Each structure stands twice: as C-alpha cells, then as structure tokens.
Amino acid sequence: MAIASEDPSNPCYEIKSADLSSVALLLKTTDIAEVSGALKQQLAESPGFFNQDPVVIDVSALALLDNETIDLARLMAVLREHALVPLAIKGAPPALLYLAKGAGLVDASDARIRRSVPLAEAPTAQAPPVEQLAPQPTPAGAMRIDRPLRSGQQVYAKGRDLIVMGMVNAGAEVIADGHIHVYGTLRGKAIAGARGDGDAQIFAMVMEPELISIAGVYRTSENPLSKDVLGKPAQVSLQSGPDGDKLLITPLKI
C-alpha cells in the first residue's frame, strides 16, 4: 500500500524546469530509404556520433500541404535503428501533426533551431574512407591527442573538447561537440560544435584548413582566408546576424 507524505512542505514530487540537449533532423526528402542510407553512411564515417540522442524531426523544409503526411512510423523506426530517439516534430501540417501526436511526439512548432548558412559550396566528391584513430581521454574531460594526425585519420571528441598537440595534416579530420584546439598547423578539416553548439570555437597556431565548421556552418579552402589569419594563429567562432549565421575568423592574440 502506498503511503503519501503528510507533510505539505515535502510533497512526493516537485515540478522544475529542465534543459534537454537534443539534435534536430531537418528533412529534405520524403524518401525514408534515402534518409536511412544517409544516416548509415554517417555512422560508418563517425561511429558513435549518435548515442540515443533526443531528436526533433523538422519537416518545415518539405513544404507539405495541409493534408499531406509522410511515413512517420517508418521514419521513427529508422531513427531508433540509428541510435536516435524521436522526441518532437516541427513544421508539420495539421494531418501530419495529428499523426505525430498519436505516435507520442511533442509539437515543437515554437522550437528555435539554428539556421546554418554555408559560406562556401560543399565539395561534391565523396570523401575517401578515413582511418579511425584511438583517442586518449584526459581526466579533465577534454580529449587530447599527443601526436600529429596524418591524412585519412579521424578523431571525434563526443560530448567534450578536443586538444591536438601537433599538426593536423591535409586529409585528416578532427571533430568535437565542443571546442577544438590545435597546437600546431591545421591543414585538414576541423568540425566543432558537431551537435549544434554554436558557442564552440576552433583555435589553431597555424590556420591553413581544408574545411572549418561550427554547428553546421562551414567554410572550405575554395573560399580563401584573409592574409591576416592565413598561416597564422587564429580562432574561429560563429556569429549570428539578420541574414543567418556565419563564421568569423580572427587573429589569435598570444
């Protein structure tokens, strides 16, 4: 038999606000098989990128009509198969929203999702398979790599910052959910805020990257850096404005 507390100052529960870290899946196709294939490829390139993360399904880019729906049940099954937990839906027309609520999804129409505006066109050629390099986590929480990274090697610091104590050569890739610090030359790809953290930054003693990205906003070497930061100590941050987000690359004062 359950016994309720008789002390009104000590109820059996309290209601408090909570922050929940989640990712948004901005759908650009109604082809669920295509989505499944893309997720499978991403996990093959970055194992452990998703780890039962809550996800908001954003269908606003599909421009669905009021009576249009997608195969929501199959989509949710695909997301769960790839270590994502469907939590809410955004931008759904009435018919799809009705089905989503019936499937247990929350209406996230008012949710703010960071809009990414690329500064250069992404490379169209498929990247070659990368060699996964075993990381060495440090007690402080950041992941530290004590040797240079050669072409084909990839490091992913899940849920934390990444510190590289040497060069990141062209063809190598460093990814972090937090900040990236390169105490050497950055010639490969650096992707910070990989799960949407717009406050993440990239620091390098010599900035010569193939690609830099923060929270999905990227810039490639096809859009050359200015002379005051190219080949010099520099930092990269995300700047928000009325036209969207853009990368800001500034000299690093040391």
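**Entry 1: a network to start with.** I began with charged side chains and found that Asp53, Asp177 and Arg195 are linked in a network of salt bridges. Please keep in mind that I am looking at a predicted model.

Entry 2: Asp53 belongs to strand 2, while Arg195 sits in the loop between strand 12 (189-192) and strand 13 (202-207), so the pair ties together parts that are 142 residues apart in sequence. Is Asp53 buried or exposed? Its relative accessibility is 14%, and buried means under 20%, so Asp53 counts as buried.

**Entry 3: the other salt bridges.** I counted on, and the structure holds four salt bridges. One of them joins Asp146 to Arg144, with 2.8 Å between the closest N and O atoms. Asp146 counts as partly exposed at 40% relative accessibility, and Arg144 counts as partly exposed at 36%. I also found Arg187 and Glu208, whose side chains meet in a salt bridge at 3.0 Å, N to O. Arg187 is in the loop between strand 11 (180-186) and strand 12, and Glu208 is in the loop between strand 13 and strand 14 (211-214), so this pair ties together parts that are 21 residues apart in sequence. Arg187 is partly exposed, with a relative accessible area of 34%. Glu208 is partly exposed too, at 30%.

Entry 4: Which strands form the open sheet, and in what order? I found four strands in the order 1-2-3-4, with parallel pairing. Strand 1 and strand 4 (106-107) are the edge strands, each pairing on one side only. On one pairing of strand 2, I noted four bridges in the parallel sense with strand 1 (residues 23-26). Here Leu26 stands opposite Asp58. Strand 2 also pairs with strand 3 (residues 84-90), in the parallel sense over six bridges. Ile57 has Ile89 as its bridge partner in strand 3, and Asp53 stands opposite Leu84.

**Entry 5: the way across.** I followed the chain from strand 2 through helix 2 (residues 72-81) to strand 3, and this β-α-β crossover is right-handed. Helix 2 lies across strand 1, strand 2 and strand 3, and runs at about 140 degrees to strand 3.

**Entry 6: a stop at Val59.** Is Val59 buried or exposed? Val59 counts as buried, at 1% relative accessibility. What is Val59 in contact with, leaving aside its neighbours within four places in sequence? I listed Leu27, Ile70, Lys90, Gly91, Ala92 and Leu96. For Lys90 I also looked up the C-alpha separation: 6.2 Å from Val59, with the two residues 31 apart along the chain.

Technical notes. Residues are numbered from 1 along each chain as its sequence is written. This is a predicted model: local features need pLDDT of at least 70, side-chain atom pairs count only at pLDDT 80 or more; totals for chains, interfaces and linings use all residues. Side-chain values use heavy atoms; hydrogens and water are left out. Two strands pair if DSSP finds at least two bridges between them. Helices (H or I, at least four residues) and strands (E, at least two) are DSSP runs, numbered from the N terminus. A crossover is right-handed if, with the strands pointing away from the viewer, the path from the first strand over the helix to the second runs clockwise. Buried means under 20% relative accessible area, exposed over 50%, partly exposed in between (1.4 Å probe, protein chains only). Contact means heavy atoms within 4.5 Å. Axes are lines fitted to C-alpha atoms, for helices over the stretch in contact, and angles run from 0 to 180 degrees between N-to-C directions.
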